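Reader: I would like to learn how to read the features of a model like this one. Please take them one at a time.

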Amino acid sequence: MTARSLQSGAPAGERAATTPSLWARIWHNDAPGYLFLLPWLIGFLGLTIGPMITSFYLSFTDFDLLTSPDWVGANNYIRMFSNDPKFWASMRVTMFFVVFSVPLKLAFALAVAMLLNRGIRGLPLYRALFYLPSLLGASVAIAILWRQIFASDGLINKLLAMVGIMGPSWISNPKTSLWTLIILSIWQFGSPMIIFLAGLRQIPQDMYEAASLDGASKWRQFVKITLPLLTPVVFFNAIIQTIEAFKSFTPAFIISGGTGNPINSTLFYTLYLYQEAFGFFRMGYASALAWVLLALVSVFTAFSFLTSKYWVHYDE
Amino acid sequence: MTIRIDRRQFLMGSTAMVAAGAAGVMPAWAQSDSLRLLFWGGQARADRTYGVTDLYTKANGTAVEGEFLAWNDYWPKLATQTAGGNAPDVVQMDYRYIVEYAKRNAIAPLDEFVGGALKLDSFDADQLEGGKVDGKLYGISLGANSVAMIYNVAAFEEAGVAPLTNAWTYDDLMAVGEAFKAANIRGGMKAIMDGSYSEPMLQNWLRQKGKDLYTADGKLAFEEADAVEWYTMWAKFREAGYCVSAEDQALDTGPLETTMLVLGKAAMIPSNSNQLVAFQTLMQDKLGMNGFPRVAAGVGGGHYRKPSMFFSLGGTSANKEKAAEFLNFFISDPEAAKILGVERGIPCLPATREVVAPTLDEQSQVALNFVSNLGDLLGPLPPPPPASAGEIDASLIRTLGQEVGFGAKTPEQAGAELISGANDILSRA
């Protein structure tokens, strides 16, 4: 690194004179970089791009793992949109999850970040503690724990019983099962919270002082100063969390035992995709489902970027 | 020794295997002298199986590398290995999948070894027949079993209900339901799980009415009126409190540990005769077993002795002869038989049965007696179910029962949807 920066810092004429040929220069300057990149590059091409291209091809076939794939044209896609109630059911579940879990999670993360931003003692400890669920959240153990907490004789109902309320069996009731997963997702507010906290630190204190002198209430300060200046961070968090929510799989898989039950109320899109692929061996159809999900997430993200200029304020 | 692979590694691995298979690359280990064995089951089954493979290695010098997975993980694994041209030499096969695998040459016919490496002269005829597809032998039954009602003997005593007999009927089931309601033991334990979800129980009920789930050519063998009657009957049981509530039943996600029997919410569940042993290891209460209820006194023919599982040869195995020798050892060696017991069902060779019988513990004895003495409950073996039967079970039978339970659908709607949905899936496959 040092050698390279020294060299590029040298006058242009001198550098050209000391370098014999273009190839040798590339070799000297760039080869080590690509060499370091190689393990990732191989993985990226072989394990990400390769399978993606394969899956795109397979989405136009009836591949079932055992027999070789036959081309079926756009049949998989046509069936999905015209004749598959489970596709729409799973889409509804995932949309509901995204629409409720992402804003609630972001609001909660922002609220906690603002509390921690008040300069309380032991901040690093609290920060670490609040971040912990994010590290654990996608794990199998937490999903199993969640099952226990929200079971008919679980922790939540024991607490409710103390104040005389008979709680339902939250995870096995179709009216509440999806909400237990939304709460699990909100509980993993740690990573957006850390980013919010960093964003809050960037807002100059003198703005608040000026606002207080002008007699602005705390709420008004929040709406007129904090939020507008934080919009780039909100935007970033919203995009990342939306993509995460669309991809969410593990909790629903563990809590419902891979079934999406009760009565398909937790049949996430990804879970349906998994069932089609590894339960019923319809790899072609599952590949098509995966590509529709990718398209959907892309549209969402593009839409967010296009509208961002109307509500995201960058420091100009 | 279970090898657990996470989802991402699994996807990567399977893709690589598919690619390798497409390029005609055979992995080096496919040529080795040892045999590879893949089966589903729990630790108890694995211990017994590995006991036998060790014995075989000692006797013949051929190493057998075994690997086991839970049922749900087993089929994706076997399918990906098969797709990669890397199927194990010996695979455990189920009645539900054997036709599909045989038709795609993913398992190999055994006929050339019969009389040679495989000695099947006194093998139970019906069990031999069960392993045939289009007249060729593709699977060796590892044991016979039958569906059975497993019940909590201790809870029955506590509730003051007389033990069941094979003569009992659905009317008796209602009486038992009333008795459990009246006794109100263990925080309102119900008589039975919600059986409307249970494919075997539905099939048994249909067979007693002279019908079945599927015909030999893979079509539905019952009508909408039957399905409506079935859901209406269970709706009545649910309302009366004979079976568990929909909310409780939804806690059952598949493994034995979450069944209503083990959770203590119901005193009876429909299951398989060989699973009594597995259930008993999970429970303190003594368990018993008898037949499913009859639709009316004296009506039989709902049950059948089915091959609980097979061993088959992988279609691409390079060691078929050796694998066939191993199969023969597995079903006929007396020492192996003592290790295996009846955990995979009742052995199909009379000589093996004789060796096993005196070594059995009480619960295994119950299972053996039950399967041997089905009497007039026993009907003919139905044809193997169509390939999409598993999907119909998972996405219709289990879900529709639940929807009626939660009041999202009427029994009439559920009955109609079962027929139309099943026909749709059958025509799609």
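Author: Start with burial. A residue counts as buried if 20 or more other C-beta atoms lie within 10 Å of its own, as exposed if 12 or fewer do, and as partly exposed in between, with C-beta atoms placed from the backbone. In chain B, 48% of the 429 residues are buried. This is a predicted model, in which local features need pLDDT of at least 70 and side-chain atom pairs count only at pLDDT 80 or more, while totals for chains, interfaces and linings use all residues. Residues are numbered from 1 along each chain as its sequence is written, and chains are lettered from A and ligands numbered from 1 in the order in which they are written.

Reader: Why does the radius of gyration of chain B agree with a compact globule?

Author: The radius is taken over C-alpha atoms, and the globule rule is 2.2 Å times the number of residues to the power 0.38. For 429 residues the rule gives a value near 22 Å, and chain B has 22 Å, so the two agree. Along the principal axes, the C-alpha atoms of chain B fill a box of roughly 65 × 50 × 40 Å.

Reader: How many helices and strands does chain B have?

Author: Helices (H or I, at least four residues) and strands (E, at least two) are DSSP runs, numbered from the N terminus. Chain B has 18 helices and 14 strands.

Reader: In what order do the strands of the open sheet in chain B lie?

Author: Strands of a sheet pair through backbone hydrogen bonds, either parallel or antiparallel. Here two strands pair if DSSP finds at least two bridges between them. The order in chain B is E10-E11-E9-E12, an open sheet of 4 strands with mixed pairing. Its edge strands are E10 and E12 (287-290), each of which pairs on one side only. Neighbouring strands are turned by 25° against each other on average, direction ignored; axes are lines fitted to C-alpha atoms, for helices over the stretch in contact, and angles run from 0 to 180 degrees between N-to-C directions.

Reader: Which strands pair with E11(B), and in which sense?

Author: E9 (residues 147-152) of chain B runs antiparallel to E11(B), joined by 5 bridges. Within that pair, B:Met149 stands opposite B:Pro270 and B:Ile150 opposite B:Ile269. E10 (residues 190-192) of chain B pairs with E11(B) in the parallel sense over 2 bridges, with B:Lys190 opposite B:Ala266. Strand E11 (residues 266-272) of chain B is mostly covered, as 6 of its 7 residues are buried.

Reader: Which elements of the sheet does helix H16 of chain B lie across?

Author: H16 (residues 362-372) of chain B lies across E9 and E12 of chain B, at about 10° to E12(B).

Reader: What are the bounds of the domains in chain B?

Author: Domain bounds come from an automatic or database domain assignment. For chain B it gives domain 1 (7-143 + 307-372) and domain 2 (147-303 + 388-428). Their centres, taken over C-alpha atoms, are 30 Å apart. Two residues are in contact if their C-beta atoms, placed from the backbone, lie within 7 Å. By that rule, 15 residues of domain 1 of chain B touch 14 residues of domain 2 of chain B. H16(B) gives the most to the domain 1 side, with 6 residues.

Reader: How many residues of chain A are in contact with chain B?

Author: 23 residues of chain A are in contact with 22 residues of chain B. On the chain A side, H3(A) gives the most, with 3 residues.
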